[in-house]
Amino acid sequence: MHLKFNQIGLSWGVTLILSGCTLLPSQGPQSDKVYHLTVMHTNDHHGHFWRNNDGEYGMSARKTVVDDIRREVAAQGGYTLLLDGGDVNTGVPESDLQDAVPDFKGMNLLGYQAMAVGNHEFDKPLAVLNMQRQLAQFPMLSANIYQNGQLMFEPYKVFNLGGLRVGVLGLTTEDTRKMALPDNVAHLDFRNPIAEARTLVPELRAKADVVIATTHIGYYENAQHGTQAPGDVALARAVPGIDLIVGGHTQNPACMKAENVLDRAYVPDTACQPDRQNGSWIVQAHEWGKYVGRADFEYRNGQFTLVKYALIPINLKRQVKAADGASTLVNDSSAIAENPDMLALLTPYQQFGQDKLNIQIGITDARLEGDRKVVRSRPTNLGVLIGRAMMDKAQADLAIVNAGGVRDAIGPGSITYKDVLKVQPFGNTVCTVDLTGQELLGYLNAAARMMPGSGSFAQFAGVEMNISSGTVSQVRIAGQALETGKTYRLAVNNFQASGGDGYPKLTDHPSFVDTGFVDAAVLRAYISNKSPLKVADFAPDSAVVRR
């Protein structure tokens, strides 16, 4: 297996002088001894315990890489930590159907030593999360989630690695409250992670020689977090004393082109320069187990030095065109064998899921666009399709769909139930509310202000209008101009209706109804009834014009 490492240049400040080292108790590291520590990391797993149809990623190949690194480091007298930046849950139907049990069992077999609690750990009721906590043979860490005034999770864990004490602190995004179903977080308090870290990092520095934050707060280039809560760069700038931040949430490789300039076109199996802010290294390994991040450090006499860093691709592939124009998929790096023990563990779960999901429900003549980068930035045909399915089931005049609830695209050809569950994995229900034209106009204005690029970005069905600077005009329902005194039925999901993603709360409206119909089941029935689908029939065209 070919591993490519990035030798860190001195211009990035290789050596970090640890603060407070004179206060450490005597049982700490030996004077003049060099300690070798390799930190491996992943994040935003989202149910991808199995390889995809092209043989990419999957926990079995990941275990081969992790085991190889552990053997190599141990043979050289070093120590390893395997950490995760959170969001184990939600995204692949085989996992969703089984409450991520195969994923947590796979993490146990991989030997994870700690993970941050992600916002998607709250996608299901707390009873499921409690089951997962009992199943996990490693701590789920978060220092800023409180339940009834008490910390819900361990805030940090200190590991003694041959005398080198490494403290790992967990942090979770404040945005969890608006991103999770309100009923699931009703009695929880997601406090400011930076404020909590300001208190805990000095406490942890008194107990540990190295401090690592494993976070699920997001990597935002040069701290430009927009409407989202502040992330890793803001944390590093505000809280001194963190040696390494192992991140998640934004699902991007934190590889830099230059200081404060993210390499948005990072290519697998090439050098990755991690970010450095206020003495803290910041890393993130994209998503889904596509990479295992590897950071090799040396510690000696209070100095913590990053020697090399790499993102190791897990059987990622790229398309190569031949002279005759035909394309084929080739590995970006040497092929990685799948670990047989992991395969034996996961195969029954994969088979169970396949038996339940690979049932054809319809057919489409072209792609239905639900790619994250597209559906969160502009109207798409899949957004229209989902909205019309909700309208049809609820006998509504229009529908609004938060783009964050659309998690995948549907390719041309056969459509299976699995495809639908990949698009809508959350199990939300369809809700209706009868609004006067004046009330509806206010709600449309709120939806129009949702920021492109965010999960709150609105997809519309059944309505035509212009949007300029977050204000709607020339609104038409069923081809007729909006009348302020007329009543219209709006369909949304229960997440939005409860105020999720910052939408106005509708559950207190006298006409509010939760139909109880699960969105994926509604979409499945609509596709079956309308199949074969002609994608042109769902084109957003110029129905909603943004200026």
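1. The second largest pocket is lined by 19 residues, and Ala461, Gly462, Val463, Glu464 and Ala543 lie nearest its centre. This is a predicted model, in which local features need pLDDT of at least 70, side-chain atom pairs count only at pLDDT 80 or more, and totals for chains, interfaces and linings use all residues. Residues are numbered from 1 along each chain as its sequence is written, and side-chain values use heavy atoms, with hydrogens and water left out.

2. The space in this second largest pocket comes to about 320 Å³. A pocket here is an open set of points on a 1 Å grid over the protein atoms alone, with protein on both sides within 12 Å along at least five of seven lines; a cavity is a set where a 1.4 Å probe fits but cannot get out; lining residues have an atom within 4 Å of a point. Grid points are joined across faces, edges and corners, and a volume is the space filled by probe spheres set on the points.

3. Which elements each supply at least two residues of the lining of the second largest pocket? They are α10 (381–394), β26 (458–461), β27 (463–468) and β28 (471–477). The largest share, three residues, is from α10. Elements are DSSP runs numbered from the N terminus: helices are H or I with at least four residues, strands are E with at least two. By type, the lining of the second largest pocket has 12 nonpolar, two polar and five charged residues. Nonpolar covers Ala, Val, Leu, Ile, Met, Phe, Trp, Tyr, Cys and Pro; charged covers Asp, Glu, Lys and Arg; the others, Gly among them, are polar.

4. The structure holds three cavities of 30 Å³ or more. The largest cavity has a volume of about 110 Å³. It has 15 lining residues, with Asn89, Thr90, His120, Asp123 and Lys124 closest to the centre. Two or more lining residues come from each of α2 (93–96) and α4 (126–135). The largest share, three residues, is from α4. The lining of the largest cavity divides into five nonpolar, five polar and five charged residues.

5. Strand β18 deserves a look. Eight of its 10 residues are buried, where buried means under 20% relative accessible area, exposed over 50% and partly exposed in between (1.4 Å probe, protein chains only). β3 and β18 run antiparallel and are joined by seven bridges; two strands pair if DSSP finds at least two bridges between them. Val39 stands opposite Ala295 in β18. β18 also pairs with strand β19 (residues 303–313), antiparallel, over 10 bridges. There, Tyr299 stands opposite Phe304. The β18–β19 hairpin has two residues between the strands, and Asn301 takes a positive phi near 50 degrees.

6. Rings of Phe, Tyr and Trp (its six-membered ring) pair if their centres lie within 6.5 Å; planes under 30 degrees apart count as stacked, over 60 as edge-to-face and the rest as tilted. Tyr35 and Tyr299 are edge-to-face, 6.3 Å centre to centre with 65 degrees between the planes. Tyr35 is in strand β3 (residues 35–42) and Tyr299 in strand β18 (residues 291–300), so the pair ties together parts 264 residues apart in sequence. Both Tyr35 and Tyr299 are buried.

7. Tyr57 and Trp288 form an edge-to-face pair, with 6.2 Å between centres and 65 degrees between the planes. Tyr57 lies in the loop between β3 and α1 (59–75) and Trp288 in the loop between β17 (280–283) and β18, so this pair ties together parts 231 residues apart in sequence. Tyr57 counts as buried because its relative accessibility is 6%. Trp288 is partly exposed, at 25% relative accessible area.

8. Two charges sit over rings, meaning that NZ of Lys or CZ of Arg is within 6 Å of the ring centre and within 35 degrees of the ring normal. The charged end of Lys393 is over the ring of Phe517, 4.2 Å from its centre. Arg524 lies over the face of Tyr417, at 4.3 Å from the ring centre.

9. An open sheet of three strands has the order β8-β7-β11, with antiparallel pairing. β8 (150–151) and β11 (188–190) are at the edges with a single partner strand each, so one side of each has no neighbour in the sheet. Strand β7 (residues 145–147) is joined to β11 by three bridges. Gln147 has Leu188 as its bridge partner in β11.
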